Amino acid sequence: MPIRPQPMRVRCPHCHWHTIVAPRSDAIRPREWVTQCPRCGHDDLERTPLPSWQGSLVRLCERWFDVFRAR
Ligand SMILES: [Zn+2]
């Protein structure tokens, strides 16, 4: 069984933009993975794995969003 990557907090050390990426599977789609800051274009972003409780919260929110999208 493939292991799902941990949700991560991605932060730009240059302009302090940040986001959370939570890949749904080990096949990561481009939309779910950022390699460059969308605000300033800096491409050396800091990645911090979320603590597991926060990760669970992100998963829960994702499920809610899926419900909304399915309507
Ligand atoms: Zn930036």
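In which sense do strand 1 and strand 3 pair, and over how many bridges? In this predicted model, strand 1, which covers residues 8-11, pairs with strand 3 in the antiparallel sense, and the pairing runs over 4 bridges. One of the residues involved is methionine 8, whose bridge partner in strand 3 is proline 49.

The pairing belongs to an open sheet of 3 strands, which has the order 2-1-3 and antiparallel pairing. Strand 2 and strand 3 are the edge strands, each of them pairing on one side only. On average, and with direction ignored, neighbouring strands of this sheet are turned by 25° against each other. The strands and their residues are listed here.

| Strand | Residues |
|---|---|
| Strand 1 | residues 8-11 |
| Strand 2 | residues 18-21 |
| Strand 3 | residues 46-49 |

**The helix**

Helix 1 spans residues 52-70, and its 19 residues reach 27 Å from the first C-alpha to the last, which is close to the 27 Å expected at 1.5 Å a residue. This helix is hardly covered, since the count of buried residues among its 19 residues is 0.

Arginine 59 has its place in helix 1. It counts as partly exposed because it has 13 C-beta neighbours inside 10 Å, whereas a residue would need 20 or more to be buried and 12 or fewer to be exposed. Although arginine 59 and alanine 22 are 37 residues apart in sequence, their C-alpha atoms are 7.7 Å apart in space.

Key: Residues are numbered from 1 along each chain as its sequence is written. This is a predicted model: local features need pLDDT of at least 70, side-chain atom pairs count only at pLDDT 80 or more; totals for chains, interfaces and linings use all residues. Helices (H or I, at least four residues) and strands (E, at least two) are DSSP runs, numbered from the N terminus. The expected span of a helix is 1.5 Å times one less than its number of residues. Two strands pair if DSSP finds at least two bridges between them. Axes are lines fitted to C-alpha atoms, for helices over the stretch in contact, and angles run from 0 to 180 degrees between N-to-C directions.
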